[in-house]
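Dear colleague,

Please find the structure below, handed over for your files. My notes on its surface, fold and charged side chains follow.

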Amino acid sequence: MTKKELDNIIEKGELPKDELDEFWSNFTYFFLLIAFVIVTTYGIYKSSSLGKLESSQIMLFLFGVFILVFTFFSKKNEKRLKKVNTMRGIEKNIEIIEKLNSREFIELTYNSENYYSGSLKTSFGKTHKIVFICVENEIFYNLRNVGSHRGRMPYNFGIDTINEFKIKRKIKNYVQQHI
């Protein structure tokens, strides 16, 4: 990762394309949601033509549409960088990230200049990809669900939020300890 690429990422506020943006791993999940919406639409059409439309069919359709819209929204925003203000220099921010790597549930596998990439270690294996970018006074980070070989959801029903909160809290704790 060159300095110019890093500056470009920070300026845009989002990560560039990577292995998690591969078409087929994303297509599987979107295909299932679209198929669900089509099937419920067909069910509503058939039921209404027979005069036996039920509210549960409409609720299933609306649920499918909601999840589909939420999935597109999550996919669009999943590469966005979040930041933690540290009020520390780049060297201190790098120390914080290296402490997270050595002591916590994060396993960093790539390091280039101020760019770190790795994964979260959980009881289910490596479930999320994490990226840290250290700059003056701030640490930028991004957390993305990895999924499996059969598809990848761009969200994880609250687990992402909990993990982001843990990461942000750990960084702030290290900052308060003056590491």
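The accessible surface of the protein amounts to about 10,900 Å², and carbon and sulfur atoms contribute 61% of that area (Shrake-Rupley method, 1.4 Å probe; for residues, only the protein chains shown count as cover). This is a predicted model, in which local features need pLDDT of at least 70 and side-chain atom pairs pLDDT 80 or more, while totals for chains, interfaces and linings use all residues. Residues are numbered from 1 along each chain as its sequence is written, and side-chain values use heavy atoms, without hydrogens and water.

Of the 179 residues, 41% are buried (under 20% relative accessible area; exposed is over 50%, partly exposed in between; 1.4 Å probe, protein chains only).

The fold comprises five helices and five strands (DSSP runs, H or I of at least four residues and E of at least two, numbered from the N terminus), in the order α-α-α-β-α-β-β-β-β-α.

Seven salt bridges are present (a side-chain nitrogen of Lys or Arg within 4 Å of a carboxyl oxygen of Asp or Glu). One of them joins Asp18 and Lys129 at 2.7 Å, N to O. Asp18 lies in the loop between helices H1 and H2, and Lys129 in strand S4, 111 residues apart. Asp18 is partly exposed at 21% relative accessibility, whereas Lys129 is buried at 12%. Glu78 pairs with Lys75 at 2.8 Å, and both are buried. Asp18, Lys75, Glu78, Lys129 and Arg144 belong to a network of salt bridges.

Yours sincerely
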